[in-house]
Amino acid sequence: MKATVLIVAAIAAILFTTTLAGASSAMWTFATSDNPASATGVVNPWGAPTAAINVDADSGTGWYDTVPEYGSAQGWWDIGFGSIVLTLPGATELTSQVAGILALDVIYWNDLSQAPTVTIESGATLLSKDTVLVEAGPVMGGWYKDSYLWEVALRNAPQTITITGDQLSGSQIDQINVTPEPSGIIALCTGIFGLVGLTRRRRA
Amino acid sequence: MKIIAAAPQVAVVFATKGGKKRMVKGCVMASVLALALALVAMSGAAMAQTPADAVTQVVLTSGVFPTGTTVVNVAIDGGSITVDLSPEALFGFGDAVSDAYVEAINGALEQWPEFKSIEVTVGGQPLWKYLPPSTQPNYAPVHRMQPMGESNPGLGAQNPLKPPVVSPQSSELTGKLVVLHPSHGAYAGTSDWYRAQRTLCGPNPVTNPPAGLSSYQPSDYYYWTMGFKWPQYYEDDMSPETIRFLYAYCLAAGAATYCSRDLDKTDGNFDAVGYGYPSASFTLPKWMTASKYALQDRGGIPSTVWQTTDVTGESNIDLRARAYYANWLMQTLGYNYTNSVSFSLHSNAATTGSGSTLQSQARGTENYWYNAQYPTEQANSQAFCTATENAVISAIRTQYDGTWAETMYNATTNPVPQEWNTSYGTYRGYKQDGDTNTRWQDRGVKTSNFGEIRECKMPAQLMELLFHDDWKFYPDQAFHQDAIFRSTVAWGMYTGICNFFGVTPKPRMAANVASVSFPQSVKPGQVFNGTICMKNQGQAWTWGNKWVSGVYGPYTVWKLKGETSDQFGGAGTKIQLANDGYYYPGDTATFTVTLIAPSTPGIYTTCWRMLKDDAKGGSFGDIAQAQISVENQISGTVTIPGFVGALRDVTFSIDGGAPITKTLVFSGGVASYTLTTQVSSIQKLSAKTAWTLRQKVNASFDSPVNFTLAGGDLNGTNSINVADYNILLANMNKSAAVADINGDGIVNSVDYSIMKTNWLKAGDPQ
């Protein structure tokens, strides 16, 4: 019985890890004004992640290439009160929800415009949020990165993450990065170790 | 009936052409005799029946001729009369005495205007044959001098006491020389100045009543009853006032114009002592002196002109100085007899002797030529006389409206003046457009030996414009007191000069629009002012004096009149010329026009034109007009928080209509504004600057409409967002107006703060 559990856990961990890695490993640099924007560095066998940019017509001004006063950044969106909706294809093999970890980084301009808010599917639990300065602006302001870590319930349906501009000051988004988290790797390792242990027990 | 009386002995006579009342310096015996014979002489004048009688009487009784002088013969041949005197007439003879003889005899013959040639001879020889010949040298041409007038910088009214400052407005007399001689002026004696025309002309019942009268008689209807009064004056002082206008007209026509007397009444006193007249008691304004002194004082004129040694005696020298001055100008300036004229102007008198009581009914204008010294000029002088006489008569009859004087000199309604002598015939009074008896009299062109015209080497004339001693019967002197009359007859003189030279004179009534200034827009029903400046190009615009409604006082005929096409209700409105001086050709008169805007918004036109407002006038000149927008007005304030600059262009829009941009002046971030519009109603008004959002508010024409504009919209999108922020960043710490929200000249944290305050706000739609 115990061996069965371990086997199942190992398979689940593998699947989870594979699914998680494929869904979250994507980066949007917005190097072009394409909308929806394509991600780079994608590891997702179930489909291509997308980012639909909705610029609020009253408060946002759209895409920018380079502006010297913004430092080295190339390509970003002023969405104002608008949003960027990320769609991450889910693992079609997964028949039931599995708990997992999702990491998200958002780089935004912080001055008159402010940090966006990020929303994810209901039931997700925010484990942590950190803010760091990425690059100070030559004149004023600077590029900041908010790093989010959620515990989420993985499923085979696409994952949707919404990044909404600050509703008072608007937001300028330079980059979004979805990456695998160590907890996922640990789970993968746990599954592997479980399979190994089961094999040894059968041999013994 | 002939009256023969012995004339008093006269020691010294100062007398010249002009008024016939003379200062006689004689011994006491002479004065007593003259007084004793005065009544006889006066009655004799009235009773003279023939020209020979009249001449004989004046020779024997006037006191002008030396004792013993008799009339040897009077020869009449049609319009010519020759009076031959006995040799006693040559006692103390000279230029001035010669003129005095001619004056006296002409005066005696005023009742026979048909005599066009009056020659006085002694021993069958013309008087001038007994005068010292002219030794005036011929002068070499030096250069063409500029006329006395200064360049006209575009003057308004000119001081009537100063010489006209006129620059040529046309060229019809360019290349012509005109030398003017108004009457005589005063001569220096050994202890005082002596006026050539010493006796006051006209009435002065308060300070100088006529002899034998403590006041004027009740029959002086036109004086007491009608209140018709005018100031006393001397002929010597009045002729310059007419010449002043002619001087201006000739300058304006391009002529080299000179005057032998000083027309500047502000020129100070003549330096008698400094100029060699050794009595310290001499004080006389320069303008009152005779020509010889004025020419001496002017400088640069050789003494052979103003102090000839041909003759002795101040009056003799002065008479020649006038002709010599004209000759000198002609030669040194390079002119000749074909393009030069000499114009002498006097006023006339028919009263002879020392009496001050009116004795004649003579009136009107006559003109003399002579040139005996230079016979080749006689025909030209006669033509010159004819041209100016005709033009002056025409001017007085057809261009000057003297109907106001008909009330004074009305033979039907007024009592016959008590001084009217029945020997004159029926008193007919004066009528402006009357028949040959009642209208202004043309006494014609005559020839007589006057020194001023005798010595001229060019066409010369001596005009007796009017009689200054007929004021009991005719309006000559009343007209003379009227500057509008003087400016009119001067235009006649100018016209005559042009006609003589065969050139076309300018239109007498002409005006150009110098400027028109009205508000660009006014409110419906608003009363507002504008100014119209009209540049005179014709006869001088002035005020004058006339009798109106029982008062003799100032008036003008020169007005600005609203045309019938005026859309501001100005049609028919007349605005008088300012009573502040003379407007010569080239001068600009300013009229203030008050208008009332129509009640309906729209574009309207106001139209005005000069008017000579009398029976001889009418509208003339260019039409001055202006288009004025009748618009409603909106006013209020614009506040830009944080703005410290002075100027901002603010763009308004009425109910979403076309933008109206105004540059407003701010103080403390607040500026007042006024908008005008032709819309008849308003609901909303918006305002925006290139640095702010637009605000739209409820609006009305009656209440202030105020705005507070939020700064930060730097790209004109009417919203404040990243695009504006980028502009701000790009210009941070620079002197960049585009991002200088607060207008302090630098883009900095203050502008950033304003933008931050209004971040992501959007303005109202237009």
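B:Lys265 and B:Glu241 form a salt bridge, with the closest N and O atoms 3.1 Å apart. A salt bridge here is a side-chain nitrogen of Lys or Arg within 4 Å of a carboxyl oxygen of Asp or Glu. The pair links distant parts of the chain: B:Lys265 is in the loop between β10 (256-259) and α6 (291-298) of chain B, and B:Glu241 is in helix α5 (residues 235-252) of chain B, 24 residues apart. Helices (H or I, at least four residues) and strands (E, at least two) are DSSP runs, numbered from the N terminus. B:Lys265 counts as partly exposed at 25% relative accessibility. B:Glu241 is buried, at a relative accessible area of 7%. Buried means under 20% relative accessible area, exposed over 50%, and partly exposed in between (1.4 Å probe, protein chains only).

This is a predicted model, in which local features need pLDDT of at least 70, side-chain atom pairs count only at pLDDT 80 or more, and totals for chains, interfaces and linings use all residues. Residues are numbered from 1 along each chain as its sequence is written, chains are lettered from A and ligands numbered from 1 in the order in which they are written, and side-chain values use heavy atoms, with hydrogens and water left out.

**Other salt bridges**

Over all chains, a search of the whole structure finds 22 salt bridges.

| Pair | Closest N and O atoms |
|---|---|
| B:Lys265 and B:Glu241 | 3.1 Å |
| B:Glu452 and B:Arg322 | 3.2 Å |
| A:Lys129 and A:Asp146 | 3.8 Å |

B:Glu452 forms its salt bridge with B:Arg322. B:Glu452 lies in helix α10 (residues 451-454) and B:Arg322 in helix α8 (residues 314-332), both of chain B, so the pair ties together parts that are 130 residues apart in sequence. Both B:Glu452 and B:Arg322 are buried.

In chain A, A:Lys129 pairs with A:Asp146 in a salt bridge. Strand β9 (residues 125-136) of chain A holds A:Lys129 and strand β10 (residues 142-154) of chain A holds A:Asp146, so the pair ties together parts 17 residues apart in sequence. A:Lys129 is partly exposed, with a relative accessible area of 43%. A:Asp146 is buried, with a relative accessible area of 1%.

Chain B also has a network of salt bridges. It links B:Asp95, B:Asp310, B:Arg320, B:Arg454 and B:Glu455.

B:Asp751 is found in helix α14 (residues 749-757) of chain B. B:Asp751 is buried yet has no salt bridge. The nearest side chain of opposite charge is B:Arg648, 6.9 Å away. For charge, Lys and Arg count as positive and Asp and Glu as negative; His and the chain ends are not counted. A polar atom of the B:Asp751 side chain lies 2.8 Å from the backbone nitrogen of B:Ile741. Leaving aside residues up to four places away in sequence, B:Asp751 touches B:Leu728, B:Ala739, B:Asp740, B:Ile741, B:Asn742, B:Asp744 and B:Ile746. Contact means heavy atoms within 4.5 Å.

**The interface**

The contact takes 14 residues from chain B and 18 residues from chain A. The area buried between the two chains is about 1,300 Å², of which carbon and sulfur atoms give 66%. Buried area is the accessible area (1.4 Å probe) that two parts lose on being put together, summed over both.

On the side of chain B that touches chain A, α13 (722-730) and α14 each supply at least two residues. α13(B) gives the most to that side, with six residues.

**Chain A and backbone details**

Chain A has two helices and twelve strands. Of the 204 residues of chain A, 46% count as buried. A cis peptide bond joins A:Asn35 and A:Pro36, with omega about 5°. A:Pro36 is found in the loop between β1 (26-28) and β2 (37-38) of chain A.

In chain B, B:Asn718 has a positive phi of about 65° although it is not a glycine. B:Asn718 counts as buried, at 11% relative accessibility. B:Asn733 also has a positive phi, near 65°. B:Asn733 lies in the loop between α13 and α14 of chain B, and is exposed, with a relative accessible area of 60%.

Note on methods:
Polar contact = N/O pair within 3.5 Å; in protein donor to acceptor, adjacent residues only side chain to side chain.
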